[in-house]
Structure formats: structure tokens, C-alpha cells
Amino acid sequence: MDTTKLNHSKLGTKEYWDNFYKLEKENFAENPDDTGECWFADSGAEEKIVDFVFSNLDPNVSICDLGTGNGHLLFEILQEGWKGQLVGVDYSEASVQFAKTIAKTNDLNVEFYQSDILNLEDQFLKTNAGNFDLVLDKGTLDAIALSDNLYDGKTGQEVYPDTVKILLKKNAVLLVTSCNFTQDELIKVITASGNFEVWKTVEYPVFEFGGVKGSAICTVAFRRR
Ligand SMILES: C[S@@+](CC[C@H](N)C(=O)[O-])C[C@H]1O[C@@H](n2cnc3c(N)ncnc32)[C@H](O)[C@@H]1O
């Protein structure tokens with residue numbers, strides 16, 4: 001049985017994310033301290049990612065965050081002192097509007113664009129080919145894996161390594177954080193097309209249940225071939 005094939009869910013639909021970020025934007029309008037949900041906060045994922053990025057990459061290089069949501073990860077990286085270009089993309093227009101509003105309100109220099117990263121005809125993909133040194137994904141491949149959308153007969157997770165590759169310079173890094181896939185499954189999904197190889201992995205606390213060891217979340221850095 002191929003455990004990388006997940007069941008579909010509403011979290012795989014654009015409608016779900018549009019409604020989600022519309023509501024979060026309304027909450028933010030009422031309370032500017034409420035910048036919304038930070039995915040995988042319980043696992044300390046954001047801190048681990050920020051730590052990894054500053055420890056392993058030159059802070060002058062460009063970063064693109066896929067499925068950026070409220071843009072929180074990029075704001076953290078900026079506030080920690082990143083000097084390079086920071087760009088967040090999301091297919092949900094409501095997310096882009098929300099992230100832009102937070103950036104403007106707090107005077108944070110991060111760009112946001114609407115983009116479906118799985119669509120080869122997407123304008124952002126076309127105009128940003130080979131533009132980025134680092135591409136981040138926190139929970140976006142997870143959402144994609146829950147979608148029943150097909151792209152020329154292929155699932156989102158099948159086309160993901162091919163379309164994401166477009167944004168990266170040669171040898172640039174793709175850092176993916178997932179809670180739906182184990183580390184081995186994530187590596188299988190990303191390396192299936194031959195576009196990427198594993199560079200480094202991030203350590204999380206390990207739990208043991210019924211004699212099986214694992215962690216609730218994984219982060220893997222891949223290099224574009
Ligand atoms: C679980 S949320 C994670 C949001 C953010 N990365 C975070 O960690 O808070 C998944 C995000 O992926 C976005 N998304 C899903 N499919 C996408 C696609 N094909 N292209 C761009 N964004 C997508 C959703 O709109 C949503 O913002």
C-alpha cells in the first residue's frame with residue numbers, strides 16, 4: 001500500500017482557505033494583535049525553520065514561501081534580521097490580502113502575490129523562473145495532498161516537485177515541513193521526479209507508541225538538481 005496517497009478533505013479546497021483567511025482578516029481588523037493561526041506551533045516548527053535558515057544559508061539570499069497563509073514565517077525571518085528579498089505566495093486571494101494588510105500595518109518589507117504553484121500557466125511561476133535561493137513550505141504540500149484536483153491527469157503532489165523546481169536556482173534549497181507525511185514519505189514524494197535530492201534534515205523530539213518511534217512533524221531540506 002502506498003502510504004503517501006492521502007484521503008481527500010476540505011483542507012484541500014481553495015474555498016476552505018478563502019473562507020479561513022477572510023475570517024482571519026476580519027479578526028485582525030478587530031484586534032491587530034491577532035495575526036491568526038500559526039500552523040504546527042505546538043511542535044515549535046517555526047522556531048526550528050528560522051533556526052535552520054539562519055544557520056545554513058546566507059542572509060542576503062532570496063526566499064519564497066509557498067502557501068504563505070498569514071505570512072507569519074516570513075515576518076519572523078525578516079524580524080530576525082534577513083536582508084535578502086522575501087516573497088510569499090498563496091492561491092487564496094484572501095490570504096494574500098490578509099498578509100499584505102499585516103505587512104502594511106506593521107511596516108514589514110515582505111512582498112505577497114497570488115499564485116497557484118501547481119499551475120504551469122501561473123503568471124508568478126512564469127515571471128519568477130530560477131529566481132529564488134530558498135523556497136519554504138510549511139503545511140502547503142500537506143494541504144495539496146488532501147486535494148482531489150488533477151493537473152493533466154496527475155495529482156497535486158505528483159506535479160509539485162516539477163512546478164516548484166521552476167522557482168529555484170540550480171542547487172538552491174527547498175525546505176518542506178509536513179505533519180501529514182513521515183520523513184521517509186516526504187522524501188519519497190519530493191525526490192520521485194528526480195529534480196531534488198535530500199540535503200539535510202531537522203531534528204524534532206521523538207515519541208514512542210506501541211514500540212514504534214516517530215515524531216509528529218518533519219522538516220527536510222532538499223537541493224534542486
Ligand atoms: C496549512 S496552510 C499553511 C499556511 C502557512 N504556510 C502556515 O504555515 O501558517 C496551507 C496553505 O497552502 C495554501 N495552498 C494550498 N494549495 C495551494 C496551491 N496550489 N498554491 C498556492 N497555495 C496553496 C492554502 O491557501 C494555505 O494558505
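## Who surrounds the ligand?

Helix H6 gives the largest share of the shell around the ligand, with three residues. Keep in mind that this is a predicted model.

**The shell**
- In total, 18 residues surround the ligand, and the closest are Trp39, Gly67, Asp90, Asp116 and Lys138.
- Sort the shell residues by type and you get eight nonpolar, seven polar and three charged.

- Tyr21 has a polar side-chain atom 3.1 Å from an oxygen atom of the ligand.
- Thr140 also reaches a ligand oxygen atom with a polar side-chain atom, at 3.4 Å.
- With Tyr91, it's a backbone N or O atom that lies 3.2 Å from a nitrogen atom of the ligand.

**Cover and pocket**
- On its own, the ligand has 590 Å² of accessible area, and the protein covers 97% of that.
- The ligand takes up the space of the largest pocket.
- Which elements give two or more residues to the shell around the ligand? They are helix H1, covering 14-30, and helix H6, covering 140-144.

- An unreviewed UniProt entry places the feature "domain: Methyltransferase" at residues 58-210.
- Within this model, the span 58-210 is 34% helix and 29% strand.
- From one end of residues 58-210 to the other, the C-alpha atoms lie 42 Å apart.

Technical notes: Residues are numbered from 1 along each chain as its sequence is written. This is a predicted model: local features need pLDDT of at least 70, side-chain atom pairs count only at pLDDT 80 or more; totals for chains, interfaces and linings use all residues. Side-chain values use heavy atoms; hydrogens and water are left out. A residue is near a molecule or strand if one of its heavy atoms lies within 4 Å of it. A polar contact is a pair of N or O atoms within 3.5 Å; within protein, one must be able to donate a hydrogen and the other to accept it, and residues adjacent in sequence count only if both atoms are side-chain atoms. Accessible areas come from the Shrake-Rupley method with a 1.4 Å probe; for residues, only the protein chains shown count as cover. On a 1 Å grid over the protein atoms alone, a cavity is a set of points where a 1.4 Å probe fits but cannot get out, and a pocket is an open set with protein on both sides within 12 Å along at least five of seven lines; lining residues have an atom within 4 Å of a point. A molecule sits in a cavity or pocket if more than half of its atoms lie within 2 Å of its grid points. Helices (H or I, at least four residues) and strands (E, at least two) are DSSP runs, numbered from the N terminus. Ala, Val, Leu, Ile, Met, Phe, Trp, Tyr, Cys and Pro count as nonpolar, Asp, Glu, Lys and Arg as charged, and the others, Gly among them, as polar. UniProt positions are given in the numbering used here, feature names are shortened, and annotations may be inferred rather than shown by experiment.
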